[in-house]
Amino acid sequence: MKIHFIGIGGIGISGLAKYLHSQGIDISGSDIAEGSATKYLRAQGVEINIPHSATAITNQDLVIHSAIIKPDNIEVQEAIKKGIKVLSRKEAIASILKEKRVFSVCGAHGKSTTSAILSAIFPQFGAIIGADSKEFGSNVREAKSESIIFEADESDKSFLNSNPYYAIIPNAEPEHMESYNHDLNEFYGAYTQFIHTAKKCIFNLSDPFLQSLTDIPAITLNPKADIKNISFSLHNDEPQTTFSLKNYGEFSVWGFGEHMAQNASLAILCAIEELGTTSLTIIKQNLQHFKGIKKRFDILTKGATTIIDDYAHHPTEILATLKSVAIYNSLKPHNKVIAIWQPHKYSRVLDNLQAFVDCFDNLCDELVILPVWKAGEAHIDIDFALLFAQYNPTFATHLKVKDSKVYLYDKENLIKTLQDALIIGLGAGDITYQLRGEK
């Protein structure tokens, strides 16, 4: 079978493309610009067209496109003209996973980390994750297996197409409500549908909705009762969280924070259900293979100036990340902690306004705010200076990093240099590329 992917450089589409290529499918793809995913696939012998072109559509059996691709895309139009079936990523997931034994991880926060931890425990399984695991340097574990670790996305309801054998849910906090007509009943109804599709469920009971599902047979984690003796340390200058889980003994996982212990515990409970308690030694050993994921507490530079990049773009995530920063700073003290926040989407800011104001409280010494990453939304005036006045924030249009220093700019004018500090970048926009000097 021949499949063409439009928007193949995106994290979601590239995951499907890499996985199907590893299964022996003949694939091709296109995107508007070159990126790490297109370079990787090209090196694997995959034909990539930059930019989109009608000539990319030849004799393929199927065309799959990312969510941002519109119906008037030149390749979509050419495929329709030639009678080739066209599916969105959301639609394609159902076909790709229908014959698989899927470990489907879904939730507002922690699903990438939990998925990557599961993949570390089960290296023999395939995996499609929404971020690059540092263990294997990709968002895909290219293994031929009937079982697959899959990060399922609730933002566009595509998790409903993931054919879960295991439904592993760290939380079900309302997010991406535009996909659910801003209706909580519709939102929780989708989660309920997802859960009822699964053969087995693993829930974190710290989430109120999951706690309410008393009629659903599930393996549950009650963090307050089940996780004990949490401690944090640096091993070879890398963050480590150690904890005891129920009566299964002590475990250690890369990263800092109670949320890391909870994410790891869900993966461990799933592994125990799958392998049995006789495999605890293997589970503990394989857990050590997890080395974090790109853009999640991603330590870019270390020293007097430490720069960390984190994808956190919701108040719950920012709060958890800043608590992890506080742990890191207690073990490796810096002169001060500086948070650089790039708000992601006007709608998210307005939906969680007070929570955004509160999540920085007492967790950073300085706050820098970049322009809102619009993600396709129309501009909305938000008075950040007034709302965040208690932090006396610095406002910058962009930043550059050189020689472990962060330079803040207002358009072309350098306004401030940040150094001799623990600097944490927060956001799901292009801040990650600015911090890495890629933009």
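This is a predicted model: local features need pLDDT of at least 70, side-chain atom pairs count only at pLDDT 80 or more; totals for chains, interfaces and linings use all residues.
**Overall dimensions and surface**

The protein contains 15 helices and 24 strands. Its C-alpha trace spans about 60 × 60 × 45 Å along the principal axes. The radius of gyration is 22 Å, which agrees with the value near 22 Å that a compact globule of 439 residues would have. Of the 439 residues, 54% are buried. Among contacts with a separation of 6 or more, 63% are made by residues 24 or more positions apart. The accessible surface amounts to about 18700 Å², and carbon and sulfur atoms supply 49% of that area.

**Domains**

The chain is divided into domain 1 (2-88), domain 2 (99-288) and domain 3 (298-436). The centres of domain 2 and domain 3, taken over C-alpha atoms, are separated by 27 Å. The contact between them involves 17 residues from domain 2 and 14 residues from domain 3.

**Nonpolar cores**

In soluble globular proteins, nonpolar side chains tend to be buried together. Which members of the largest nonpolar core touch the most other members? Among its 68 residues, these are Trp 341, Phe 360 and Phe 388. Helix H9 (residues 258-275) makes the greatest contribution to this core, namely 10 residues. Domain 2 (99-288) and domain 3 (298-436) each supply at least three residues to the core.

With neighbours within four places in sequence set aside, Trp 341 is in contact with Ile 318, Phe 356, Phe 360, Leu 367, Val 368, Ile 369, Leu 370, Phe 384, Phe 388 and Leu 426. A second, separate core has 45 residues, including Leu 16, Tyr 19, Phe 187 and Ala 198.

Phe 203 belongs to strand S11 (residues 200-204). With a relative accessible area of 1%, Phe 203 is buried. Beyond its neighbours within four places in sequence, Phe 203 is in contact with Ile 169, Ile 195, Leu 210, Leu 213, Ile 216, Ala 218, Ile 219, Thr 220, Leu 221 and Leu 266. Between the C-alpha atoms of Phe 203 and Ser 233, which are 30 residues apart along the chain, the separation is 27 Å.

**Aromatic pairs**

A pair of aromatic rings is described by the distance of the centres and the angle of the planes. A search of the whole structure returns 26 aromatic pairs; two of them are set out below.

| Pair | Centre to centre | Angle between planes | Arrangement |
|---|---|---|---|
| Phe 122 and Phe 125 | 4.9 Å | 10° | stacked |
| Phe 360 and Phe 388 | 6.4 Å | 70° | edge-to-face |

Both Phe 122 and Phe 125 are buried. Phe 360 is located in the loop between helix H13 (353-359) and strand S19 (366-369), and Phe 388 in the loop between helix H14 (384-387) and strand S20 (394-395), so their pairing ties together parts that are 28 residues apart in sequence. Phe 360 counts as buried at 0% relative accessibility, and Phe 388 is likewise buried, with a relative accessible area of 0%.

Elsewhere, ring pairs connect Phe 159, Tyr 180, Phe 187, Tyr 188, Tyr 191, Phe 194 and Phe 209 into a cluster.

**Backbone features in loops**

Ile 50 and Pro 51 are joined by a cis peptide bond with omega of about -5°. Pro 51 is placed in the loop between strand S3 (47-49) and strand S4 (62-65).

Where are the residues with a positive phi, and are they buried or exposed? Lys 295, which is not a glycine, has a phi near 75°. Lys 295 is found in the loop between helix H10 (280-287) and strand S16 (298-301), and its relative accessible area of 21% makes it partly exposed. Asn 392 also has a positive phi, of about 45°, although it is not a glycine. Asn 392 occupies the loop between H14 and S20 and counts as exposed at 66% relative accessibility.

Technical notes. Residues are numbered from 1 along each chain as its sequence is written. Side-chain values use heavy atoms; hydrogens and water are left out. A nonpolar core is a set of buried Ala, Val, Leu, Ile, Met, Phe, Trp, Tyr and Cys residues joined through side-chain atoms within 4.5 Å. Buried means under 20% relative accessible area, exposed over 50%, partly exposed in between (1.4 Å probe, protein chains only). Helices (H or I, at least four residues) and strands (E, at least two) are DSSP runs, numbered from the N terminus. Domain bounds come from an automatic or database domain assignment. Contact means heavy atoms within 4.5 Å. The radius of gyration is taken over C-alpha atoms; the globule rule is 2.2 Å times the number of residues to the power 0.38. Accessible areas come from the Shrake-Rupley method with a 1.4 Å probe; for residues, only the protein chains shown count as cover. Rings of Phe, Tyr and Trp (its six-membered ring) pair if their centres lie within 6.5 Å; planes under 30 degrees apart count as stacked, over 60 as edge-to-face and the rest as tilted.
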